Amino acid sequence: MVRKQDDFYEAINGKWAVQAEIPADKVRTGGFNDLSDEIEELMLQTTDQWLAGENVPDDAILNNFIKLHHLTSDQTARQQVGVQPVQNILQKIESLTSFSDYVNHLVDFEKQGYPNALPLGVAPDFKNAQLNVLWADALGTILPDTTYYAADHPKKQELLDVYRKTTREILAQFGYQTGEIDYLLNQTLAYDAKIARYVLSNEEGSEYAKLYHPYAWQDFTSLVPQLHLNQFMNGVIGTQPDQIIVPEERFWQHAQEFYSEEAWPELKAYLIVETALSYTGWLTDDLRVLGGAYGRYVSGTPEAVTAKKAAYYLAAGPFNQALGLWYAHQNFPAVAKADVEHKVQVMIDVYQHRLEENTWLQPTTKTAAIEKLSAIDTKIGYPETLPKRYQAKVIHPQKGLFKNLMMLTRQNIAEAWLKWNQPVDRTEWHMPAHMVNAYYDPQQNQIVFPAAILQAPFYSLEQSSSANYGGIGAVIAHEISHAFDTNGASFDASGSLHDWWRPEDYAAFEKRTQAVVNQFDGLDSYGVPVNGKLTVSENVADLGGLAAALAAAQQDADFSAESFFINWATIWRMKARKEYMQMMTSIDVHGPAKLRVNVQVANFDLFFETFGVEPGDQMWRDPKDRIMIW
């Protein structure tokens, strides 16, 4: 038997892990995933009834979801239609005769929702979080991260070979012959290799403040003169912007390698391949399964999801907020909402007290931090109303599945461009209420907790207060802590990128966060070393969240440190596939679940006292090496 003093995570979760089975169509199981699987089953059962005409909700938006679900579930009709809708798009790309011809079709391709390899979009301005502005991202890579392209990466050639094999089979489904397929894949892989040379790695992209590079519009367009971006912007927003934010500077400084007459053969092949891959989930079920083969190989997932699940998720995507609202009204009582809202306020009060008692911040920085804390906007359970765009999601069954999905795509694109130069909608949620997750938005200084996460083991009215604080309390405080992590610390109370720190205070903060990097860096996860820099923001949030939740729990007369720490370990229990975890170590800003438990609890004196951890035990950490930031 594993002792808590030697491996706390394993001692709490080991017996569960032996019995737990990862579903064949999933990459992991555990705390978050168990809840997600339960909700998935509930939604499948419920929507089956709706499809059969039983217990249909009296709601126009949900009835449009049901119409779409009927179309996604009709495998016979999908088989009859086959690949023809996408072949029509492919023919439009194939008919392009030159890069100049491509440029002249860009506006139409954008508005029609066709793949066009132009990663421009609208998002809030970092310097003025109240306003939506134009951003220039980069094209994505075939491999999970730029680090995979290193010559000595053990997975590089293996994954590229699998990509080539699976994509070859997909292209054949669209009628391409062997010689054509070889040419398309060679050109696409050459284009992808160039992309990988310049785009940000996941580690680089995890440092938000370093992504803010505003360019005057004329300076940006001069980087890629053949692209005629003035023509494009006039077509999609009716004018030319005055500036654009360019997080992917390297990519755009080399943009002529991607957007020019010289690059056209590779770009055209890339567009053809991307188009063939983009719509596999909309066509026949065989093509859907084939379209996911590469992703399943990368993650080690043995099986594709069933046709039934795939049909549900395809229909649910455009209606996710509406389905979430239905779920919350059915499953999240008002008493629980009120109790969680109270816990959030308790956590904010505790956090303020901890900031006031902080010994390494100067008064001016403390005041700014407390101002930011007080300004945090909290959303619990579910939104009061749906975004207006849901009213326009009217499904016309007689038009068939593909045309309806394209209509929804075009609506989304049009609405996204309409946001340019408009105020940010701070009321909209970025997660549906039936998603088991939570988030902090640094640009809105906002924490959001969907109803789905507000249940056991994270939270329950049936659990002890200490267990709830070790679960949802620590999650709440984790999200609050994101306001003061290595990314959130760069944004002010209004959500704008602004330095509110005294220099000596920020230097002290960096010293402490570097210690967090050091605690995690190089630790083993499924045979791959953890990147402490990539995961530092989440690890700082875990540390701050655990500290604040523990302080809050200790205010209760029936406080139990044992229940608190045990539930922290319980919510992070996870059993995952090796391939998936090795990939996530390279790309995910979250550390592995086991380390989020063991590394963090060993920073707390009370953990050692509660479980009798002493020098010589594997969980022991010398007091001088224990870290506390917030």
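**Close-up views of strands and helices**

**View 1. Strands E2 and E3 run side by side as an antiparallel pair.** In this predicted model, strand E2 (residues 120-124) and strand E3 pair in the antiparallel sense, and 5 bridges join them. One place to look for this pairing is Val122, which stands opposite Leu134 in E3. Strand E3 covers residues 132-136, and because 5 of its 5 residues are buried, this strand is largely enclosed by the rest of the structure.

**View 2. Strands E6, E8 and E7 form an open sheet.** The sheet has 3 strands in the order E6-E8-E7, and the pairing within it is mixed. Strand E6 (377-381) and strand E7 (439-441) stand at the edges, where each has a single partner strand, so one side of each is left without a neighbour in the sheet. On average, neighbouring strands of this sheet are turned by 15° against each other, if direction is ignored. E7 pairs with strand E8 (residues 446-450) in the antiparallel sense over 3 bridges, and Asp441 has Gln446 in E8 as its bridge partner.

View 3. On the H6 side the contact is made by Glu110, Lys111 and Gln112, while H20 contributes Met406, Arg410, Ile413 and Trp417.

Key. Residues numbered from 1 in each chain as written. Predicted model: local features only at pLDDT ≥ 70, side-chain atom pairs only at ≥ 80, totals over all residues. Heavy atoms only, no water. Contact = heavy atoms within 4.5 Å. Helix = DSSP H or I, 4+ residues; strand = E, 2+ residues; numbered from the N terminus. Pairing = 2+ DSSP bridges. Axes fitted to C-alpha atoms, helices over the stretch in contact; angles between N-to-C directions. Buried < 20%, exposed > 50% of the residue type's maximum accessible area, 1.4 Å probe, protein only.
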